[in-house]
Amino acid sequence: MATRLRFAFWTRAVEVTVLAVAICFSLGASNPSGRLNDLDHRLMCTCGCAQILGECNHVGCTESTQELTELKADIAAGMGDRQILSAFVAKYGATVLAAPPAHGFDLVAWIAPFAVFAAALLGTILLIRRWGGLGGKPQAAVATDPAVLDPEERERLQRIRRETGSDGGF
Amino acid sequence: MATFGSFCLLIALALAAYNLLAGALALRLLATGQPALISPERLADTARRAGIAGFVAVTGAAFALVWSVFTNDFSITYIVEHSNRALPIAYKFAALWSGQEGSLLLWAWLLGMFGFVLRLRHKTDVRLYAYAGMILAGVQVFFLAVINFAAPPFALLKGAIPDDGNGLNPLLQYPEMVIHPPMLYLGYVGFSVPFAFALGALMMRYPGEKWIRITRTWTMVTWLFLTCGIFLGMHWAYAVLGWGGYWGWDPVENASFMPWLTGTAFLHSVMMQERKGMMKSWNVWLIFSTFLLTLLGTLLTRAGLVSSVHAFAQSSIGTWFVVFMCIVLAVCIFTYVYQRGHLKTEHHLESLVSRESSFLFNNLVLLTACFVILWGTLFPILSEYVEGSKVTVGPPFYNRVAVPIGLFLLFLTGVGPLLPWRATSLKAIKRNFVLPVIALWAMVIVCLVAGVNPWRGGEFSSGSFYALVGFAVSAAVLTAILAEFLRGAGVISRQTGRNLFAATWLLTRRNTRRYGGYLIHIGVVIAVVGLCGSAFNRNVESEMGLNSTMSIGPYTLVQVGATQDSNLNYSSEYAMLDVSKGGKKLFQMTPEKRFYQASGQPQTMVAIHSVPEWDLYVVYEGTNPDTGQPIIKAFLNPLVSWIWFGLVVMVFGTFVALVPSLTPATAALRVPAAQAAPVAPALKGGD
């Protein structure tokens, strides 16, 4: 009974956490100054300085000044974020976006890191399981196991360890 | 001097080639036992001596280039392009690595120096060192071939010799640039040594883990140099680029960060091999990857594959690097496939909740972070290949993908040391984790009370959210590490009657590697706290006439003068700003804009006032052409100094970890092992 209650508690806790995180990430900026700050950090300066538009500080950089003016005008005109970004891409090309768009082939840029992480995590868990760390069967001792090495080889390994010294480590 | 330098480089190439070929032949003869005209031992020794002589030759070339800079020898193209008469002395040294040819020469010289030290210490294990020396010679042949045939630093200028040079890139005329590139290069080049030992040990089927112990100091020192190089680069970007930040996920920054991640993973996972005979193949590939990533970093910086805000020396030598990387990869794969039977693990993991598995997950996260950065750096090339148009992969991508991974890694930094080797019990987990969990939630509450609220005003700020998580996890990790220190020190204190401070000192000395590692973790936590502060950066920009004011945070800036100055190297404009707090004048700041005479390029000299809470960072952006008034941009960047202090702690921790622990015999005189063992798990070398 106690185990079931504990399980229910943890399930509920995980649900609440996931919900809270989902709500957090679904919220967006809405006021104009927040939107300007948000959008000018999603765009690049096109003068070739490779800096974020909102952070470009080159002396006399006409590109960033013009882009910022356009951005403010678009926000004032009531355009949506997606419309503004599309307008910038149409005018300056895809490189004006500070991050790849989440559609078409560029979606791969966003998916790949998480896919690789998931695959690596799964691989690690399977590896540990194979080694017996998660209740799987431990592998048979291999030939290099000190227990199955011939005495001469074992003595040699021990001598190397003695000579080089080991201070334990972490 | 140009002739002497070129001659030295040719001699160095010939000597490195001899070292490689004669060394390979000698080791082949030794391995097969075939009869030869000359004894293989003598042949190997001639190869070793050629390596030493090669270092002397490269030193001669480096000296020739530095001499040419100091004597303003403008008959050499490199000197014309990277120096001028008025260049201050310290920056004349910097000219050695400010351009492609010079920086490749610096690489070759450092590699020669590492090889020189290695060859002098060959008696530690003659055969293993011979293999490592031969592999280093192979790397050296490549770099010297590039320097001799593709990017010669002593190429003579065609046409009339000018009276003066073009000067050093203004971005590089900053004190850090005198030490940042050499540090970074020491890190890059240094990883050649563990790579050479790993490959050599695999080639000769070297028994045991001795090669790891031999290279441990090399690896740690190299890691330290790379860490310092990265942080110095951050500080340089912060103080020179004038955008108020220190890390922009620029491809060149990423290039230095990737080998750091794999190198860090290697430093952790080798402990598994040393202690448990596990992860041998993994470790070998980690160090192979680290070395390949250092080459990739150089390729990215040099070849102009990706656009970068500070790729100083782009050219067409990328092909050379691609070919060399392919050769290195092929050699690594071939050697691994041929000798993989030698890398069978001796033990297996016994529990998912153990120190071993924490190392596995730590490696997993570090490598995932490395992949994310590599992927983000190379994706524009891939996108252009597939879709025909480039995209930008900038900070928004990394902040969304890499920052959560970094926070997870920080979490593992705290969890790992709390788990014992082999396996643990639920009771032990509860005992070890109670304090950190309390610290975590306490910090969340403190942050929320202090105003670190990601949901303030009904809007969600991902920056504040990550900062909140970062602060909370940092508090937990710090508590976990300090608890480890106190637990061990408490035992020693009770047994010896020493005070807690002295007991902590003795505890650290008894296992410098372990507690040095903890200090490094503390340094990482401190740096992370500093990084979290960036979520709360503020800035204000204004045109400031005489006596006009600007307010940011608790400070008020008053413009009390704007003036100009000049010297042979540059002319400058600067504003004098009195800074007051609560009506009381504190100090004066003089942000500056320089215009270098030789290159005609402008450069920002930021004024920074640093206190533990924040940095007041003031940029002179120029003058309004209509009014002639200076335009000032001020930033208030919280906790930045914590980042640099974190580095100091990391450096200190690394030095502690490098110091040999007290020997068991000496330690036994201080604390009887039999007394300490049952109650002090922290004292038993990590058990």
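Helices are DSSP runs (H or I) of at least four residues, numbered from the N terminus. The views below show a predicted model.

**View 1. The second largest cavity and its centre.** The structure contains two cavities of 30 Å³ or more. The second largest cavity holds about 110 Å³ of space. It is lined by 17 residues, of which A16(B), G51(B), G112(B), R119(B) and Q140(B) are the closest to its centre.

**View 2. Helices of chain B around the second largest cavity.** At least two lining residues come from each of α1 (2-32), α2 (40-70), α5 (100-120) and α6 (126-150) of chain B. The helix that gives the most to this lining is α2(B), with five residues. By class, the lining of the second largest cavity comprises ten nonpolar, six polar and one charged residues.

**View 3. The packing of α7(B) against α9(B).** In chain B, helix α7 (residues 176-190) packs with helix α9 (residues 210-240) at an angle of about 145°, and their axes lie 7 Å apart. The crossing of these two helices, α7(B) and α9(B), is left-handed.

**View 4. Residues at the contact of α7(B) with α9(B).** On the α7(B) side, the residues that meet α9(B) include M177(B), I179(B), H180(B), M183(B), L184(B) and Y188(B). Among the residues of α9(B) in this contact are F225(B), L226(B), C228(B), I230(B), L232(B) and W236(B). Glycines also take part, including G187(B) and G190(B) in α7(B), and G229(B) and G233(B) in α9(B). The contact of α7(B) with α9(B) divides into twelve nonpolar, seven polar and one charged residues.

Note on methods:
Residues are numbered from 1 along each chain as its sequence is written. Chains are lettered from A and ligands numbered from 1 in the order in which they are written. This is a predicted model: local features need pLDDT of at least 70, side-chain atom pairs count only at pLDDT 80 or more; totals for chains, interfaces and linings use all residues. Side-chain values use heavy atoms; hydrogens and water are left out. On a 1 Å grid over the protein atoms alone, a cavity is a set of points where a 1.4 Å probe fits but cannot get out, and a pocket is an open set with protein on both sides within 12 Å along at least five of seven lines; lining residues have an atom within 4 Å of a point. Grid points are joined across faces, edges and corners, and a volume is the space filled by probe spheres set on the points. Ala, Val, Leu, Ile, Met, Phe, Trp, Tyr, Cys and Pro count as nonpolar, Asp, Glu, Lys and Arg as charged, and the others, Gly among them, as polar. Axes are lines fitted to C-alpha atoms, for helices over the stretch in contact, and angles run from 0 to 180 degrees between N-to-C directions. A crossing is left-handed if the near helix is turned anticlockwise from the far one by less than a right angle, and right-handed if clockwise. Contact means heavy atoms within 4.5 Å.
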